[in-house]
Amino acid sequence: MTSALFWLGALAVLTPWISAPIALVLGFLMASFKWVPAAVNTNAWTKKLLAVAIVALGFGVQLNVAWQVTGNYLGLMVVSIAVTLIAALLLGKAFKVDTPTSHLIGSGTAICGGSAIAAVGPAIRARSDQMALALASVFTLNAIALLVFPLIGRALGLSDELFGAWAAIAIHDTSSVVGAAQAYSDEALQTATTLKLARALWIIPVALISALVYQRFSGDTTKTKLTVPWFIGGYIAAMVIATFLPQFSELYNAAFSAGKKLLVLSLYLVGASITISRLRAAGPRPLLLAVVLWVLIALLSLGWLTILAD
């Protein structure tokens, strides 16, 4: 019976009447009532479906538009990453959070949430409990951002492009970025997805620098293998195909629509992986650090974007 309710919920989120934030809440309710089947690995399926959804969304973006969007906000992207990483280390000391956990939270906030933490963690030889704390803290704020950002954007009267850029810079994980943007508009979704994936590319230099700094101060010379999410290349390839083979526009539109539906299903699974015990596991100090960094980057990026808009 409980399994049936979970699968009915999964089918429901594929209908036009369930938005991304509602899907997240519905998944959370499934987890809270323990209706998620034990055989379903929500984290694994979320990663797979989200990757496919992002590639499909690439068919809705023209290459020249992507280039322009990335160029327009490159300065903000670089400054926000640098400020967040520096602030994470300084505030971590003030809040008495150990350096590896502070750096992981800073990396997740600065770049792309769980993916950045997963990449940087091995580079600095972070313990599993440190990675778990960082992931739990960032994951909690992702869920909140998905719900509150569209409300704030509409209250402030932000344009579609401005909101998309703000979401891409100020929200951690790709799933929450595109979910919040989808709840706003299709134009916001295109801007947010493009800019967010450009931001995700910074995983590479940040992980490399983190590894080098760690080896310099710890004396550990063991090499680590850095991985980049494959969907970044897939998204770029989809944009290139849609730009240079415009005769298949109807097929691209269908792929874009399917990608949006897969995104909503992914967020349903994200919600289904949230539990009260997992939220408590974050602890007060790492979560406080994550909140302060989040507010800092949200205000900094919104102020920068507002000035650009004027």
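Is D186 buried, partly exposed or exposed? With a relative accessible area of 37%, D186 is partly exposed, where buried stands for under 20% relative accessible area, exposed for over 50%, and partly exposed for the range in between (1.4 Å probe, protein chains only). The model is a predicted one, in which local features need pLDDT of at least 70 and side-chain atom pairs count only at pLDDT 80 or more, while totals for chains, interfaces and linings use all residues. Residues are numbered from 1 along each chain as its sequence is written, and side-chain values use heavy atoms, with hydrogens and water left out.

D186 forms a salt bridge with K260, and the closest N and O atoms of the pair are 3.0 Å apart. A salt bridge is taken as a side-chain nitrogen of Lys or Arg within 4 Å of a carboxyl oxygen of Asp or Glu, and by this rule the count comes to 1 salt bridge. The pair links distant parts of the chain, with K260 in helix α13 and D186 in helix α10, 74 residues apart. Helices are DSSP runs (H or I, at least four residues) numbered from the N terminus. K260 has a relative accessible area of 17% and therefore counts as buried. In general, side chains of opposite charge can pair when their charged atoms come close.

Helix α6 spans residues 99–123 and contains G108. The relative accessible area of G108 is 0%, so this glycine is buried. Contact is defined by heavy atoms within 4.5 Å. Apart from neighbours within four places in sequence, G108 is in contact with G113, A116, I117 and H172. G108 and A118 are 10 residues apart along the chain, and their C-alpha atoms are separated by 8.9 Å.

L104 is also found in helix α6 and is buried, at 0% relative accessibility. Its C-alpha atom is 5.4 Å from that of I117, a residue 13 places away along the chain. With neighbours within four places in sequence left aside, the contacts of L104 are I117, V120, G121, I124, A126, Q130, M131 and A134.

Beyond neighbours within four places in sequence, T109 is in contact with T84, H172, R199, L293, W294 and I297. H103, found in helix α6, is buried with a relative accessible area of 15%. A polar contact of 2.7 Å joins the side chains of H103 and S210; the term denotes a pair of N or O atoms within 3.5 Å, where within protein one must be able to donate a hydrogen and the other to accept it, and residues adjacent in sequence count only if both atoms are side-chain atoms. Leaving aside neighbours within four places in sequence, H103 is in contact with S210, L85, L89, V120 and I124.

Helix α3 (residues 42–57) has 16 residues and reaches 22 Å from its first C-alpha to its last, close to the 22 Å expected at 1.5 Å a residue; the expected span is 1.5 Å times one less than the number of residues. At the N-terminal end, α3 is capped by N41, a side-chain oxygen of which lies 3.1 Å from the backbone nitrogen of A44. The buried residues of α3 are T42, T46, L49, L50, A51, A53, I54, V55, A56 and L57. Their cover includes α9 (174–184), α10 (186–200), α12 and α13.

Helix α12 (residues 230–244) gives the most to the patch, with 4 residues. L251 is placed in helix α13 (residues 249–272) and is exposed, at 57% relative accessibility.

Most residues other than glycine have a negative phi. K34, in the loop between α2 (20–32) and α3, has a positive phi near 60 degrees and is exposed, with a relative accessible area of 71%. K96 has a positive phi of about 60 degrees although it is not a glycine. This lysine, K96, is found in the loop between α5 (74–94) and α6 and is exposed at a relative accessible area of 64%.

Technical notes
Helix = DSSP H or I, 4+ residues; strand = E, 2+ residues; numbered from the N terminus.
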